[in-house]
Amino acid sequence: MKYLKMSQFVPMKGEAWMYYECEDDMTVNRVVTHLPMTGETTLTPDPVIKVLFRPEMMLPSTQADFEKHWKIGEAKGSA
């Protein structure tokens, strides 16, 4: 498994961080979107997008980081 992340500015909400859990061939399994400024977390257990566009533009992440945000979303009932 590989874990990647990227951010995107969302007006009135700050940075949205998207964490991706991927197979070694870069097929996307799950996605977590977390907005630290508002505390919003959205889980996508079966994403429509299965292949990342330009993964070289993303930052490396870790399984621990992904799981931390996934558990936050589960606790809030975002699944």
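**View 1. The hairpin of S3 and S4, with Gly39 in its turn.** Strands S3 and S4 make a hairpin that leaves 4 residues between them, and Gly39 in that turn has a positive phi of about 80°. Strands here are DSSP E runs of at least two residues, helices are H or I runs of at least four, and both are numbered from the N terminus. This is a predicted model, so local features need pLDDT of at least 70 and side-chain atom pairs count only at pLDDT 80 or more, while totals for chains, interfaces and linings use all residues. Residues are numbered from 1 along each chain as its sequence is written, and side-chain values use heavy atoms, with hydrogens and water left out. S3 pairs with S4 (residues 40-44) in the antiparallel sense over 5 bridges; two strands pair if DSSP finds at least two bridges between them. One place to look is Leu35, whose bridge partner in S4 is Glu40.

**View 2. Strand S3 and its other neighbour, S2.** S2 and S3 run antiparallel and are joined by 6 bridges. S3 (residues 28-35) is largely enclosed by the rest of the structure, because 7 of its 8 residues are buried. Buried means under 20% relative accessible area, exposed means over 50%, and partly exposed is in between (1.4 Å probe, protein chains only). The hairpin of S2 and S3 has 5 residues between the strands.

View 3. With a relative accessible area of 19%, Met26 counts as buried. Now for Met12: this residue sits in the loop between strand S1 (2-10) and S2. At a relative accessible area of 76%, Met12 is exposed.

**View 4. Trp17 and its surroundings.** Trp17 belongs to strand S2 (residues 14-22) and has His34 as its bridge partner in S3. Its relative accessible area is 23%, so Trp17 is partly exposed. Leaving aside residues up to four places away in sequence, Trp17 touches Lys5, Met6, Ser7, Val32, Thr33, His34, Pro36 and Leu59; a contact means heavy atoms within 4.5 Å. Lys5 also lies over the face of Trp17, 5.5 Å from the ring centre. For that label, NZ of Lys or CZ of Arg must be within 6 Å of the ring centre and within 35 degrees of the ring normal.

**View 5. The aromatic cluster of Tyr3, Phe66 and Trp70.** Rings of Phe, Tyr and Trp (its six-membered ring) pair if their centres lie within 6.5 Å, and planes under 30 degrees apart count as stacked, over 60 as edge-to-face and the rest as tilted. By this rule there are 2 aromatic pairs. Tyr3 and Phe66 have ring centres 5.7 Å apart and planes at 50°, so this pair is tilted. Because Tyr3 lies in strand S1 and Phe66 in helix H1 (residues 63-75), the pair ties together parts that are 63 residues apart in sequence. Phe66 and Trp70 also have ring centres 5.7 Å apart, but with planes at 15°, so they're stacked. Both of these residues lie in helix H1, 4 residues apart, about one turn of the helix.

**View 6. Arg30 over the face of Trp70.** Arg30 lies 4.4 Å from the ring centre of Trp70. Trp70 counts as buried, at 7% relative accessibility.
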